[in-house]
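Open the model in your viewer and keep the sequence panel beside it. Each stop below says what to select and what is there.

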Amino acid sequence: GAALAGEICRKVKLAVSRYATYAIGHDELLAGLLDAQPSATLDGLVAGGAKETEPGLRILHDLRNDPISAVPENVLFDWCDQDPEVRYEVIAAAIRPFRPAEEKTPPRWTGLALLLLQRAPKRTAVLREFIRRFRPSGWAGSLATTLEANAKLLDEVGVCEDAALFEFVKWEKVRLAEVIAEERRRETASDSLRDGRFEFD
């Protein structure tokens, strides 16, 4: 079954890359493969160099669900530990690391994201992948408000015993604050134009 699972994944990647099919139509297939043959499916989707990994990551990002989060933790970390310098970062890029804000609930890290960050040999690389997901692919309302809420997740990252991670988080907070401020200026200018009001310095 392992060989077949890997071959199916490679065929799905090839078909999606050729626009013969779309990832969004294969949620149940990939979830089933990850349930039956998790290691072989991960090999088929996201093992190897960038040329092999990037198409698999694009497929996972396009799915409606997050099937890797359903893989048993011991299996997932065993897979990561076969090539920890690379694979923890790959899984960080593959999962949805936090639950987005709801009406009265702020964004929250998932348990898997925190475990990945705790166990990874290159914690800054893992956190960098998580931060890339702070900007949603689609949103309603103010993007600046969404980014600001997501950026607060950095306050929950334990950095006391990791000087490199401490410095990384410190500078990411500064960078994100600048990004958010620029987005607010853009939104304000856009709202003014839409309302027929123009502001001049």
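Exposed means over 50% relative accessible area, buried under 20%, and partly exposed in between (1.4 Å probe, protein chains only). Helices (H or I, at least four residues) and strands (E, at least two) are DSSP runs, numbered from the N terminus.

A word on the model before you go on. It is predicted: local features need pLDDT of at least 70, side-chain atom pairs count only at pLDDT 80 or more, and totals for chains, interfaces and linings use all residues. Residues are numbered from 1 along each chain as its sequence is written, and side-chain values use heavy atoms, with hydrogens and water left out.

**Stop 1: the buried side of α1**

Now select A5, G6, C9, V12, K13 and V16. These are the buried residues of α1. Look down the helix axis: they fall within an arc of 120 degrees, so they line one face of the helix. The arc is that of the directions from the helix axis to the C-beta atoms. An α-helix has 3.6 residues a turn, so residues three or four places apart point the same way.

What do the buried residues of α1 pack against? Show α2 (27–36), α3 (38–46) and α4 (50–62) to see the partners. Contact here means heavy atoms within 4.5 Å.

Check the length of α1 as well. Its 16 residues, 2–17, reach 23 Å from the first C-alpha to the last. That is close to the 22 Å expected at 1.5 Å a residue; the expected span is 1.5 Å times one less than the number of residues.

**Stop 2**

Select I8, which lies in α1. At 25% relative accessibility, I8 counts as partly exposed. I8 touches L29 and L33, leaving aside residues up to four places away in sequence.

R10 counts as partly exposed, at 44% relative accessibility. With residues up to four places away left out, R10 touches A3 and G44. Draw a distance from R10 to V46: their C-alpha atoms are separated by 9.8 Å, and they are 36 residues apart along the chain.

Next, pick S17 in α1. S17 is partly exposed at 42% relative accessibility. Between S17 and I95, 78 residues apart in sequence, the C-alpha to C-alpha distance is 20 Å.

**Stop 3: just past α1**

Select Y19, in the loop between α1 and α2. Y19 is exposed, with a relative accessible area of 65%.

**Stop 4: α5 against α6**

Jump to α5 (residues 73–81) and α6 (residues 84–94). They pack at an angle of about 135 degrees, with their axes 7 Å apart. Axes are lines fitted to C-alpha atoms, for helices over the stretch in contact, and angles run from 0 to 180 degrees between N-to-C directions. α5 and α6 are therefore oblique to each other. Angles under 35 degrees count as roughly parallel, over 145 as roughly antiparallel, 65 to 115 as roughly perpendicular and the rest as oblique.

Show the side chains that make the contact: L76, F77, W79, C80 and D81 of α5, with P84, R87, Y88 and I91 of α6.

Stay on α6 and select its buried residues: R87, Y88, V90, I91, A92, A93 and A94. They pack against α3, α4, α5, α7 (111–119) and α8 (123–132).

**Stop 5: α7**

Select L112, A113, L116 and L117, the buried residues of α7. They cover an arc of only 135 degrees around the axis, which puts them on the same side of α7. Their cover includes α5, α6, β2 (108–109) and α8.

**Last stop: the whole chain**

Zoom out. The chain has 10 helices and 2 strands, in the order α-α-α-α-α-α-β-β-α-α-α-α. Its C-alpha trace spans about 65 × 45 × 30 Å along the principal axes. Of the 201 residues, 39% are buried.
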